[in-house]
Amino acid sequence: MMISFIETASNAIEAEIRALNILKNLLGSEFDQACRQILSCQGRLIITGMGKSGLVGRKIAATMASTGTPAFFVHPGEAGHGDLGMIVKGDVVLAISNSGNSDEINVLLPVIKRLQIPLISISKDLLGRLPEEADIALTLGDFEEACPLGLAPTSSTTATMVLGDALAISLLEARGFKSEDFALSHPAGALGKKLLTHVSDLMRAGDDMPLVSGTTSILDALFEITEKRLGMTVVVSDNGDYGILTDGDIRRLLTVNQDMNQPIFSVMKKSPITIAPHLMASEALNIMRQRKVNTLIVCDEEKLIGVIVLRDLVQAGIN
């Protein structure tokens with residue numbers, strides 16, 4: 001039997017699109033109440049669900065936690081054997097069950113009620129025990145699964161995940177959550193490094209900064225460049241002016257038989273590009289790319305305090 005994989009896939013996608021359109025049209029006062037309940041929560045948002053609903057619940061919990069809503073997933077089976085102690089007054093429970101009649105979740109309902117913990121449910125309709133006992137019942141709507149057998153959770157899990165995303169994004173905007181806040185929960189990622197790393201975190205200062213006076217000979221400046229291994233040195237004159245001399249500059253001087261005992265002040269690059277220590281390291285990288293340089297002088301209110309080099313930015317994962 002020949003089948004068209006593309007046609008089957010298109011039909012599945014169309015089925016899930018129809019499910020999402022139905023979900024969109026169901027958004028109403030209950031969704032608004034759910035957002036307000038979670039927003040006013042003094043504790044954590046506890047998400048639970050069994051099977052595929054549980055897998056979706058884990059993703060919703062992760063999305064919530066990374067967008068400003070403290071949340072974690074509790075497996076309903078484990079909760080019935082001790083993990084329910086993780087849920088305390090001040091929390092809000094979001095329970096997911098497509099049928100609304102998950103045995104594992106139903107076992108927990110009396111305890112949740114006894115603890116007076118607000119309960120939000122997500123289910124296909126309002127017919128099960130879970131939505132009946134929930135303080136706020138969110139429904140997905142009446143639609144067909146993308147699975148042609150109508151058995152494998154497909155459209156329903158997609159709709160549940162999208163509803164979770166809708167809750168998370170609504171709460172994100174209500175909290176005034178910004179990219180800098182997002183970075184705080186993603187310090188190891190590229191975004192976290194970009195938004196959390198300042199010039200002062202990566203600059204070379206003190207004894208780590210190559211530094212010579214303007215009267216230093218070119219030859220002695222070369223020794224400083226070699227010792228500090230940054231391919232350059234900062235030059236400070238007696239009157240407080242400063243500049244840069246790179247190993248590339250010295251190589252070019254050698255090709256024209258430059259007197260290596262000549263003071264460095266006469267051959268240094270004057271008025272180097274500067275940056276403030278409180279600015280983001282990513283901004284330093286952008287300046288280097290735009291100006292086609294590998295080093296920036298770091299100044300705090302015109303006072304020289306360090307240098308930042310391209311190599312260190314790259315090694316730190318700034319891009």
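User: What makes the largest nonpolar core a core, and how many residues has it?

Analyst: A nonpolar core is a set of buried Ala, Val, Leu, Ile, Met, Phe, Trp, Tyr and Cys residues joined through side-chain atoms within 4.5 Å. In this predicted model, the largest such set has 29 residues, and Leu45, Ile47, Met64, Ile120, Leu138 and Leu167 are those with the most contacts inside it. Helix 8 (residues 155-175) gives the most to this core, with 5 residues. Residues are numbered from 1 along each chain, side-chain values use heavy atoms without hydrogens and water, and local features need pLDDT of at least 70. Side-chain atom pairs count only at pLDDT 80 or more, while totals for chains, interfaces and linings use all residues.

User: Why is helix 3 called roughly parallel to helix 8?

Analyst: The axes of helix 3 (residues 52-66) and helix 8 come within 10 Å and cross at roughly 20 degrees. Angles under 35 degrees count as roughly parallel, so helix 3 is roughly parallel to helix 8.

User: Why is Ser271 called exposed?

Analyst: Buried means under 20% relative accessible area, exposed over 50%, and partly exposed in between (1.4 Å probe, protein chains only). Ser271 has 67%, so Ser271 is exposed. Ser271 lies in the loop between strand 9 (269-270) and strand 10 (274-275).

User: What makes Lys292 buried or exposed?

Analyst: Lys292 has a relative accessible area of 73%, so Lys292 is exposed. Lys292 is found in the loop between helix 14 (281-291) and strand 11 (295-300).

Technical notes
Helix = DSSP H or I, 4+ residues; strand = E, 2+ residues; numbered from the N terminus. Axes fitted to C-alpha atoms, helices over the stretch in contact; angles between N-to-C directions. Parallel < 35°, antiparallel > 145°, perpendicular 65-115°, else oblique.
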